[in-house]
Amino acid sequence: MSCPTHGQLVGGYVLGVLDPDEMAEMRRHVAGCPHCGPEADRLAALPGLLDRIDPADVPPPVLSPQVEEKVLDKFARERGTRGRRRRTLSAHRRLVGFAAAGLAAIALALALLLSVGDDDGEPVYARVSLAGASDAAASAELFQVEAGTRIQLEAHGLSETGRKEYEVWCIRADGRWVSGGTFRANRNGWAEAELTAAVEAGQYHRMVVTSGRVHGERGPAVLRGKLRY
Amino acid sequence: MALSDATLVERLPRDDGGDELRELYRRYSGELFGFACNALGDRDLAEEVVQDVFARAWRHAGDYDPRRASVRTWLYSIARNRVVDARRRAAVRPGVAGGVEPESPAELDRTLEQAVLRWQVAAALARLSPEHREVIRLAHYGGLTLREIAERKGIPLGTVKSRTSYALRSLRLILDEMEVAG
């Protein structure tokens, strides 16, 4: 409950913006009032907290709605991946059971199990945004895995005709182009792909997406981007 | 009835439709983004941090122990680690604020605590009514007395006095909700 006589002055008192005579009166009052004393104490830290910010910081920056879509897309994609991994693991466990009679078969099954691995939680070691002359664009996250680098790529604005094939390339510092494999866009020009390239963090700094090969020859570059380690 | 934060995290591993993740995102993405923006001074990097925090929250939901920390504290600890990583990367990539000079762990902790606090105070002010926010802006940042504010705005002095008190009480309540002491 607020003080019936001086409650409305507490805010101005805490901020030190009352007239001088009111400030003096409040100092005396607060010392003995069972309402204003505790309330002034409770609010006393506010000027110090307000000093920490520039009023231009209010309102604080707002997160773009696209980030939520990206988070949920990633979640849906990884859930699918996890589901596939679980199914794959289960299949291999069944394989272990059937092969129990033969040590060689068990060894093979175990090898298969180990090869499945589980890189959930692997840290992203770099990211890349790719753009080109057209409206197409892509982004990728790069993870270190045993075979090299796992590339999780999302692209949009690609050719909408005939589910065209594209190839992802990691350009090594020594000029070598290392293929990460191919993917196709859907009919809306969107693509999501999980690829693996035989390169490691630090060995390359650029990534290029080209059109699919024609007669074994690398297609023209469609998108290019520089890695952000 | 709304699920508690801890229940949302507990359900994440079995979250088929993404409902729990979406709710957790709704509750915490804004403040985590504000924290990351303050700590990194770069919107794009801050957005990447937010994405990473929720990806990790989902992947590691099974590790969360409600007896050790609130969900907010847990998410901030993930965000803090992501911000540290981003600052390390920025240390070799000129142009990102605060990323050139390497900091000691203690300095870094202080910087990140300040970043959290700045965002929380700004967010609390943003939640006040425009009238309450304005009276604080004029009195605290503008250096006007309540009498000067009343004259400038053409409203009774008594109204300005009570409005200022209500504004500070509301601000304190919002900061209490955000677990901001001091």
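The model described here is a predicted one.

**Chain A overall**

- Chain A contains 6 helices and 8 strands, and along the sequence these elements follow the order α-α-α-α-α-α-β-β-β-β-β-β-β-β.
- Of the 229 residues in chain A, 25% are buried.

**Helix 2 of chain A**

- Within helix 2 of chain A, which spans residues 20-32, the buried residues are A:M26, A:H29 and A:V30.
- These residues lie on the same side of helix 2 of chain A, because they cover an arc of only 95° around the axis.
- As background, an α-helix has 3.6 residues a turn, so residues three or four places apart point the same way.
- The other side of helix 2 of chain A carries the exposed residues A:P20, A:D21, A:A24, A:R27, A:R28, A:A31 and A:G32.

**The contact between chain A and chain B**

- Chain B contributes 46 residues to the contact, and chain A contributes 41 residues.
- On the side of chain B that touches chain A, the elements giving two or more residues are helix 2 (19-40), helix 3 (43-59), helix 5 (105-127), helix 6 (130-141), helix 7 (146-153) and helix 8 (157-177) of chain B.
- Sorted by class, that side of chain B consists of 22 nonpolar, 13 polar and 11 charged residues.

**Helices 7 and 8 of chain B**

- The axes of helix 7 and helix 8 of chain B are 9 Å apart, and the two helices pack at an angle of about 120°.
- The crossing in which helix 7 of chain B passes helix 8 of chain B is right-handed.
- From helix 7 of chain B, the residues B:L146, B:R147, B:I149 and B:A150 meet B:L157, B:V160, B:K161 and B:T164 of helix 8 of chain B.
- By class, this contact between helix 7 and helix 8 of chain B comprises 5 nonpolar, 1 polar and 2 charged residues.

Notes. Residues numbered from 1 in each chain as written. Chains lettered and ligands numbered in written order. Predicted model: local features only at pLDDT ≥ 70, side-chain atom pairs only at ≥ 80, totals over all residues. Helix = DSSP H or I, 4+ residues; strand = E, 2+ residues; numbered from the N terminus. Buried ≥ 20, exposed ≤ 12 C-beta atoms within 10 Å, placed from the backbone. Arc of directions from axis to C-beta. Contact = placed C-beta atoms within 7 Å. Nonpolar A, V, L, I, M, F, W, Y, C, P; charged D, E, K, R; others polar. Axes fitted to C-alpha atoms, helices over the stretch in contact; angles between N-to-C directions. Left-handed = near helix turned anticlockwise from the far one by under 90°.
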